Amino acid sequence: MDFDFPLILVILTFVTGCIYALDAFLLAPKRAKSSDEHVEKEADGGEANMPWLIETSRSFFPVLAIVLVLRSFLVEPFQIPSGSMLPTLEVGDFILVNKFEYGLRLPVIGTKIVSVGDPQRGDVMVFKYPEDRKTNYIKRVVGVPGDIIKYENKRLTINGEIIEEKLIANLN
């Protein structure tokens, strides 16, 4: 099952927020006026006879709004899809990505609204490959803009300097 969770989250937050605002500014005052007691309260402090849709929206909107802000601007969980990051990140591992590190982007459309920093060598990044927008790729940054990178005969050079390999694990 393939679905766009950020899009669903934005839509649900928008719909529940609209219902919440509609109730707060238009419907609740009319209910209060039409009631014999003007504002009949239940024992727990909520309004009596509140329609199910309004009650549900009022309950879910704050939670959805908090999740939307957290996932869109602060942190987002991702699962490692392949063994390309072995041995440091294994298939199935979860990572929590700091979304504020490089700037703020609008949810769903991804337009950058505030630039904070730039990627540095060694950072682990999550991105979508332009030809396959459904798969999250998780890779380590090797070079930054302006670097000259060569990979020949299993040797990596950055700006003419050979990068020494450090054996972390023997996976054979």
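Reader: Why is Tyr129 called partly exposed?

Author: In this predicted model, Tyr129 has a relative accessible area of 36%. Buried means under 20% and exposed means over 50%, so the 36% of Tyr129 falls in between and Tyr129 is partly exposed.

Reader: What makes Tyr129 and Tyr137 an aromatic pair, and why is the pair called tilted?

Author: Their ring centres lie 5.7 Å apart, and rings pair if their centres lie within 6.5 Å. The angle between the planes is 55°. Stacked requires under 30 degrees and edge-to-face over 60, therefore the pair of Tyr129 and Tyr137 is tilted.

Reader: How many aromatic pairs are there by this rule?

Author: The count comes to three aromatic pairs. Among them is the pair of Phe127 and Tyr137, with 5.9 Å centre to centre and 20° between the planes.

Reader: Why is the pair of Phe127 and Tyr137 called stacked?

Author: The 20° between its planes is under 30 degrees, so the pair counts as stacked. Phe127 belongs to strand β5 (residues 124-129) and Tyr137 to strand β6 (residues 132-140), ten residues apart. Phe127, Tyr129 and Tyr137 form one aromatic cluster.

Reader: How do you know whether Tyr137 is buried, partly exposed or exposed?

Author: Tyr137 has a relative accessible area of 27%. This value lies between 20% and 50%, so Tyr137 is partly exposed.

Note on methods. Residues are numbered from 1 along each chain as its sequence is written. This is a predicted model: local features need pLDDT of at least 70, side-chain atom pairs count only at pLDDT 80 or more; totals for chains, interfaces and linings use all residues. Side-chain values use heavy atoms; hydrogens and water are left out. Rings of Phe, Tyr and Trp (its six-membered ring) pair if their centres lie within 6.5 Å; planes under 30 degrees apart count as stacked, over 60 as edge-to-face and the rest as tilted. Helices (H or I, at least four residues) and strands (E, at least two) are DSSP runs, numbered from the N terminus. Buried means under 20% relative accessible area, exposed over 50%, partly exposed in between (1.4 Å probe, protein chains only).
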